[in-house]
Amino acid sequence: MGVEGIGASVVRKEDRRFVTGKGRYVDDIKLVGMTHAYFVRSPHAHAKVKSIDSSAAMKMPGVVGVLTGKEIVDDKIGNLICGWAITSRDGTPMKMGAWPAMAPETVRFVGQAVAVVIAETKNQAHDAAEAVVVNYEELPAAADIRAAIKPGAPQLHPEAPGNVIYDWTLGDEAATDTAFKSAANVVSLDITNNRLVPNAMEPRAAIADYNDAEEHFTLYTTSQNPHVARLVLSAFYNVAQEHKLRVVAPDVGGGFGSKIFIYPEEMVALWASKKVRRPVKWTGDRSEAFLTDAHGRDHLTKAEMAFDASNKIIGLRVKTYANLGAYMSLFSSSVPTYLYATLLSGQYNIPNIFAEVISVYTNTVPVDAYRGAGRPEASFVVERLMETAARQLKVDPAELRRKNFITAFPHQTPVIMAYDIGDFGASLDAALKAIDYSGFPARKDKAKKEGKLRGIGFSCYIEACGIAPSKAVGSLGAGVGLWESAEVRVNPVGTIEILTGSHSHGQGHETTFCQLVAERLGVPISQVQIVHGDTDKVQFGMGTYGSRSAAVGLTAILKAMEKVESKARKIAAHQLEASEDDIVIENGAFKVTGTDKSIALPMVALAAYTAHNLPDGMEPGLKEGAFYDPTNFTFPAGAYICELEVDAGTGKTGFVNFVAADDFGRLINPMIVEGQVHGGLAQGIGQALLEGAVYDASGQLVTASFMDYTMPRADDLPSFKLNHTTTLCPGNPLGVKGCGEAGAIGASAAVINAITDAIGNNKLEMPATPDRVWHAIHGNA
Amino acid sequence: MYQTTYHCPSSVEEAAALFGKGSDSKYLAGGHTLIPVMKQRLAAPSDVIDLGKIKELVGIEVSADALIIKAATTYFDILRSAEAKKAIPAIVHLASVLGDPQVRYRGTIGGSIANNDPAADFPAAVLALGATVKTNKRSISADDFFKGLFATALDDGEIITAISFPNPAKAGYSKMRHPASRFALTGVFVVKTKSGDVRVAATGASQDGVMRVPAVEAALKANWAPGALENVTISAEGLLSDIHGSSSYRANLVKVMAQRAVTAAG
């Protein structure tokens with residue numbers, strides 16, 4: 001592999017600029033003549049906009065213009081779209097209400113924009129925004145699922161009676177009901193999957209620059225997928241034509257899914273830039289991030305699992321209500337359906353599964369993909385059921401899982417997914433060993449003698465990554481293909497540029513992608529540059545989400561590399577007067593095997609570009625592109641075990657140990673993988689113990705700042721013990737599966753299983769705050 | 001943030017004079033409350049008068065029977081003060097669990113008690129120890145100083161100069177941190193005075209801000225031991241209730257934190 005090849009824990013190339021403050025984020029960009037936007041946002045969760053008076057604001061210092069929702073509709077800027085069509089069980093399409101970029105008539109969540117002020121400075125824009133007088137007529141609000149589905153609940157959209165967007169099912173209902181009728185034991189749980197605020201370190205921002213002479217737009221934006229942004233902005237939103245719009249996503253400070261979507265502010269900035277003929281910048285602040293970034297999760301679920309007399313699972317029945325907020329965000333419809341219910345088989349052989357998902361509108365900010373996106377919710381349902389079943393059936397939770405593990409691959413689940421490979425027993429064994437499971441009873445006894453409540457909890461998760469085979473997702477309603485593209489450019493001096501559609505916003509692609517080149521050509525990674533995040537440079541790409549960049553993006557690079565290598569091999573053979581079949585690539589040189597004849601890569605590249613002496617008929621240059629469309633999802637899986645103690649006096653949880661045994665297939669850079677798992681576990685544990693977005697009954701966000709929304713801090717978390725077991729993914733040539741979301745998918749259930757074990761009460765909702773745990777200890781009073 | 005005029009006086013007298021001149025003046029201490037509300041445009045003082053650079057307001061002194069902490073002394077300076085640790089270690093412990101390092105480097109004891117946030121730590125110490133709050137005009141006893149949420153006995157423009165804590169026989173502080181803000185979800189400061197009296201103050205619990213806890217005081221006066229509180233019941237009536245803690249949970253915390261504070265006090 002070489003010191004910088006696949007499997008080497010190479011230090012991240014990009015960190016030098018990040019840790020020295022040299023990163024270039026959207027807000028760092030300043031254009032000549034740039035103006036600043038400040039949005040006038042609704043203080044009400046549900047209201048009619050009766051009138052907007054901007055006359056006073058227009059007279060304020062520095063104001064360039066005030067634009068309203070009515071004007072954006074009059075200019076025929078399109079409504080925001082949802083890119084995944086879901087069909088209800090009765091055959092009707094999902095019922096989608098209109099979402100204009102600024103509300104012309106009705107606001108449906110606190111923070112929705114009704115107007116924007118453009119001014120010379122941000123402060124002037126803010127001052128003038130306060131002088132815009134909006135006359136609202138307040139309407140009753142439905143701020144959560146229960147309120148929205150109650151008879152007589154306030155209606156959000158005329159298109160969706162009863163606020164129901166779709167009532168969708170997956171699996172065989174009749175067969176599942178039959179299985180339950182024959183069951184020896186049934187385990188049942190009511191589960192709340194708490195709503196989360198993504199809170200990327202960098203708030204969203206956008207700069208739109210309209211060039212009058214060229215009729216051309218440039219948009220600098222905080223995006224995980226700039227090409228998708230360009231596609232949607234041009235094809236659906238009517239702000240610019242695709243060839244007249246360049247989208248640049250420079251350094252982006254974290255996304256976790258929340259920066260996949262195209263937001264109203266980006267549309268308004270583009271439209272406003274053309275209106276005022278000046279560049280327009282908008283940088284959100286943390287309060288706007290809380291109020292307007294798409295939130296995550298927010299499910300209410302009733303789940304039941306049926307067992308036969310030998311404790312084999314014979315059926316799973318799940319009914320979930322999903323809150324999609326006030327409008328359908330870009331991929332919102334797919335998250336609680338195809339990204340959720342398709343994973344309900346977990347790691348287990350479950351012959352019958354039936355899931356019903358009812359998605360509803362509420363007067364809250366839209367909900368969409370957030371690290372894990374549907375899969376954490378599925379994993380939580382399955383793993384809470386398994387732990388509950390073990391307690392109810394009075395069997396060891398590890399053994400109950402092992403008894404039901406899928407052991408033969410490929411395995412077709414009853415919910416679409418066909419698992420290609422895995423060794424769930426190996427992961428569980430590694431985790432059991434790491435936590436010294438056999439020693440737990442003694443540790444628990446000792447803790448009890450010291451007055452402490454100690455518990456242990458498991459979570460054996462599986463996820464579907466490598467998103468996604470285009471044909472498969474197309475057949476399920478996706479509006480786009482989910483392949484990836486790449487281009488490999490070998491420059492005349494032998495340095496290499498990799499152009500990729502996978503955007504890097506914390507994942508470390510600028511290092512790991514170089515490692516593939518180092519592996520194959522034997523050149524140092526310092527000779528390789530990763531180019532991404534600019535639609536003028538990279539031809540196309542579907543972006544970064546769903547733990548797809550290694551499995552899909554890096555495979556596309558590999559395909560392009562193979563083409564480059566093939567051509568370079570021909571040139572080398574020609575130069576060395578050898579047979580192409582005898583050429584091997586070693587340490588940056590092309591060698592004739594078994595001889596001392598070789599030619600260094602720079603000389604091959606130079607030959608390609610001088611074109612003085614190429615094989616007959618060969619085109620000059622050394623540059624190739626490739627598109628890669630995966631043939632299946634990948635299935636990272638693993639076992640997490642959490643051991644903790646609860647302080648009975650305060651309900652506070654203290655970690656004793658948290659071990660992970662993940663199977664991600666081949667690891668490109670184990671250090672970066674470790675970092676990804678740490679971050680994922682922090683978010684999963686954060687969901688279990690700390691984080692929860694709360695709206696009050698009137699639709700005001702109670703947790704609208706870090707004073708009330710508990711972001712995990714380092715001292716809230718244990719020192720993780722990570723292990724890896726490996727089955728190579730057969731679906732891609734690198735054998736990789738993806739590691740970005742696993743921690744967030746698997747951790748929550750392990751924590752809640754451990755706390756409920758410690759306190760002896762299985763009724764406990766997330767986040768399991770000390771208050772809730774204390775009440776659970778003392779009988780849910 | 002709206003425009004304001006920033007002043008950096010070098011004496012208490014100059015600060016008070018500047019305050020009188022402004023149409024809507026505010027004193028700035030550590031700034032942890034004033035600056036965020038100004039940034040959110042919820043406060044728009046005409047003049048901001050920084051007390052933090054006034055030398056006569058910084059420092060820690062000990063007398064035969066009291067620890068005197070000047071108002072603009074930071075939590076960090078308190079927690080690393082050998083004199084304070086020797087005189088009243090519970091105060092040093094309180095400063096060490098207050099906020100995070102950034103807060104401790106900037107926040108001041110005078111700012112904390114002048115603001116009287118219902119979940120701030122220092123009001124509990126001031127009230128339980130029966131301290132005297134010294135201002136540029138007078139001395140105010142702790143029992144008279146705190147007047148409910150964000151309210152104190154301070155007159156408009158009055159400046160706290162120092163807090164004098166009488167040395168106790170025993171003192172301890174125990175705090176359950178608010179998970180998000182890390183203020184006190186509930187913190188209890190227990191004191192046995194040199195005359196044998198017991199004073200207990202809880203912060204973060206009551207809707208009226210820092211409070212004495214008579215039931216705990218009576219039980220501890222009879223028997224200074226954590227076990228003495230086993231059968232004490234704290235009423236949830238009048239206690240705060242929010243997403244981080246119900247009133248019954250906070251009532252429990254008053255008792256549990258008091259027990260742990262007694263253990264810490266020895």
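A salt bridge is counted where a side-chain nitrogen of Lys or Arg lies within 4 Å of a carboxyl oxygen of Asp or Glu. In this predicted model, the side chains of D647(A) and R260(B) form such a pair, with 2.6 Å from N to O. The rule finds six salt bridges across the interface of chain A and chain B.

The table sets out further values for this interface.

| Item | Value |
|---|---|
| Residues in the contact | 23 residues from chain A, 22 residues from chain B |
| Area buried between chain A and chain B | about 1,900 Å² |
| Share of that area from carbon and sulfur atoms | 50% |
| Residue pairs in polar contact, both at pLDDT 80 or more | 15 residue pairs |

On the side of chain A that touches chain B, the elements giving two or more residues are α4 (122-131) and α20 (770-777) of chain A. The residues of this side comprise seven nonpolar, seven polar and nine charged.

The interior is described next. In soluble globular proteins, nonpolar side chains tend to be buried together. The largest nonpolar core here has 174 residues, and those with the most contacts inside it include L233(A), Y640(A) and I755(A). Helix α19 (residues 742-759) of chain A supplies the largest share of this core, 11 residues. Another core, of 50 residues, lies apart from it, with V490(A), V523(A), I530(A) and V552(A) among its members.

Leaving aside residues up to four places away in sequence, L233(A) touches L219(A), N238(A), V239(A), A240(A), L245(A), I262(A), M267(A) and L270(A).

Technical notes: Residues are numbered from 1 along each chain as its sequence is written. Chains are lettered from A and ligands numbered from 1 in the order in which they are written. This is a predicted model: local features need pLDDT of at least 70, side-chain atom pairs count only at pLDDT 80 or more; totals for chains, interfaces and linings use all residues. Side-chain values use heavy atoms; hydrogens and water are left out. A nonpolar core is a set of buried Ala, Val, Leu, Ile, Met, Phe, Trp, Tyr and Cys residues joined through side-chain atoms within 4.5 Å. Buried means under 20% relative accessible area, exposed over 50%, partly exposed in between (1.4 Å probe, protein chains only). Helices (H or I, at least four residues) and strands (E, at least two) are DSSP runs, numbered from the N terminus. Contact means heavy atoms within 4.5 Å. Buried area is the accessible area (1.4 Å probe) that two parts lose on being put together, summed over both. A polar contact is a pair of N or O atoms within 3.5 Å; within protein, one must be able to donate a hydrogen and the other to accept it, and residues adjacent in sequence count only if both atoms are side-chain atoms. Ala, Val, Leu, Ile, Met, Phe, Trp, Tyr, Cys and Pro count as nonpolar, Asp, Glu, Lys and Arg as charged, and the others, Gly among them, as polar.
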